[in-house]
Amino acid sequence: MGLLNFLKNWTLPAAMCCGTIVYLIFAWVPALDEIGDTLGPIIDQIFPFFMFMILFVTFCKVDFRRLRPVKWHYWIAYFQITFVLLIVFSILAFHIEGNNLILMEALLTCIISPCAAAAPVVTAKLGGDLEQMTSYTFLSNFITALMVPLFFPMIDKDVDMSFLTAFFLILYKVCLVLVLPMLLAYIVKHHMHRLHAWIVSVKDLSFYVWGASLTIVTGTTVKNIAHADTSLAFLFLIAGLALVLCIIQFVVGRYVGKFSNRVTEAGQGLGQKNTAFAVWMAYTYFNPVSSVGPGCYILWQNLVNSLELWQKRKKNELASS
């Protein structure tokens with residue numbers, strides 16, 4: 001029971017440790033190379049299924065009539081756009097290039113990336129408003145779909161994409177990740193009542209599915225960092241800046257949320273990013289080394305989430321004692 005309680009209370013750090021250890025075992029034991037080569041493509045196929053299930057289970061608990069924009073959404077969007085403009089302006093005004101450009105690209109992908117699909121899961125676990133967080137997740141993805149094709153060609157002249165092509169490509173990914181599970185959840189909630197009742201009755205189901213997916217993400221992140229074609233000192237620099245950026249975005253989001261009494265929601269909205277999408281953007285449009293930034297951001301934001309959940313748990317224990 002002690003081990004089960006520990007895993008329940010520290011699901012996210014345990015998932016990250018598990019992902020790291022599993023990758024290192026496969027990397028250091030040559031006898032496992034063939035198994036790793038076989039499992040790699042399978043895991044790549046399983047991960048989208050995990051994300052789909054996380055959102056499907058979460059959306060089964062959503063009151064669809066309450067999905068609408070609110071004031072803090074616009075303020076968080078304003079700060080995200082402002083941060084993006086600062087990075088882009090700095091690159092263009094100071095003609096940044098080389099390793100400094102890779103650093104800026106790493107930070108940009110962490111900022112311009114939309115709110116994480118799992119953010120509503122954490123928000124609900126922290127006692128926040130699930131519907132407001134879900135609404136902002138959709139808004140954030142639309143904002144990213146507008147900004148990426150607008151700003152990326154300015155930074156890297158080799159980026160060959162039209163605005164509409166990139167816009168619809170990102171929207172297509174958004175539809176697969178967000179819209180389809182929402183439609184299925186709506187159908188189940190309104191037309192398959194027994195199945196819906198069972199899904200809702202399983203406490204924290206989406207949270208633990210997310211923990212399983214985090215194991216996969218962490219293993220992939222450690223692999224990308226280990227195979228990055230750059231020096232160890234530069235990797236530490238990217239990781240350190242990603243940590244600073246993560247803290248800044250969570251702090252600014254929570255500060256903005258104070259004015260609407262939505263500290264938790266606004267903090268998650270600006271701080272918790274769809275880092276898998278950010279890694280894809282870095283690999284697709286920038287120097288692949290820049291993907292280390294959002295890769296490290298995955299680890300930092302989940303450490304922040306773990307701390308928030310610990311504080312919430314302690315607060316509940318004090319309230320019940």
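Q: Let's start with charges. How many salt bridges does the structure hold?
A: There are seven salt bridges in this predicted model.

Q: Which residues are linked in a network of them?
A: The network of salt bridges joins Arg-66, Asp-129, Glu-131, Arg-262 and Glu-265.

Q: And what does Arg-254 form a salt bridge with?
A: Its partner is Glu-308, with the closest N and O atoms 3.4 Å apart. That pair links distant parts of the chain, since Arg-254 sits in helix H11 and Glu-308 in helix H14, 54 residues apart.

Q: Is Glu-308 buried or exposed?
A: Glu-308 is buried, at a relative accessible area of 10%. Arg-254 is partly exposed, at 33%.

Q: Back to helix H14: where do Glu-317 and Lys-314 lie?
A: Both are in helix H14, three residues apart, or about one turn of the helix.

Q: What about Asp-63, which residue does it form a salt bridge with?
A: Arg-65, and the closest N and O atoms are 3.2 Å apart. Asp-63 is partly exposed, with a relative accessible area of 22%, whereas Arg-65 is exposed, with 70%.

Q: Switching to pockets, what volume does the second largest pocket have?
A: About 440 Å³.

Q: Nice. Which residues lie nearest its centre?
A: Lys-125, Lys-203, Asp-204, Phe-207 and Leu-309, out of 17 lining residues. Helices H1, H6, H10 and H14 each give two or more residues to that lining. By class, the lining of the second largest pocket has six nonpolar, four polar and seven charged residues.

Q: Now the surface. Which residues form a nonpolar patch?
A: Leu-169, Tyr-172, Leu-176, Val-177, Leu-180 and Leu-183, with about 510 Å² of accessible area together. Tyr-172, one of them, lies in helix H8, which covers residues 163–191.

Q: On to backbone angles: what is phi of His-95?
A: Near 50°, a positive value in a residue other than glycine. Most residues other than glycine have a negative phi.

Q: Where does His-95 lie?
A: In the loop between helix H4 and H5. His-95 is exposed, with a relative accessible area of 65%.

Q: And what about phi of Asn-261?
A: Phi of Asn-261 is also positive, about 55°, although this residue is not a glycine. Asn-261 is in the loop between helix H11 and helix H12, and is exposed, at 68% relative accessible area.

Technical notes. Residues numbered from 1 in each chain as written. Predicted model: local features only at pLDDT ≥ 70, side-chain atom pairs only at ≥ 80, totals over all residues. Heavy atoms only, no water. Patch = residues over 30% accessible without salt bridge, like charges linked within 9 Å, V, L, I, M, F, W, Y side chains within 5 Å. Areas by Shrake-Rupley, 256 points an atom, 1.4 Å probe, with all protein chains shown as cover. Salt bridge = Lys/Arg side-chain N within 4 Å of Asp/Glu carboxyl O. Helix = DSSP H or I, 4+ residues; strand = E, 2+ residues; numbered from the N terminus. 1 Å grid on protein atoms, 1.4 Å probe; cavity = no way out; pocket = protein on both sides within 12 Å on 5 of 7 lines; lining within 4 Å. Points joined across faces, edges and corners; volume = space filled by probe spheres on them. Nonpolar A, V, L, I, M, F, W, Y, C, P; charged D, E, K, R; others polar. Buried < 20%, exposed > 50% of the residue type's maximum accessible area, 1.4 Å probe, protein only.
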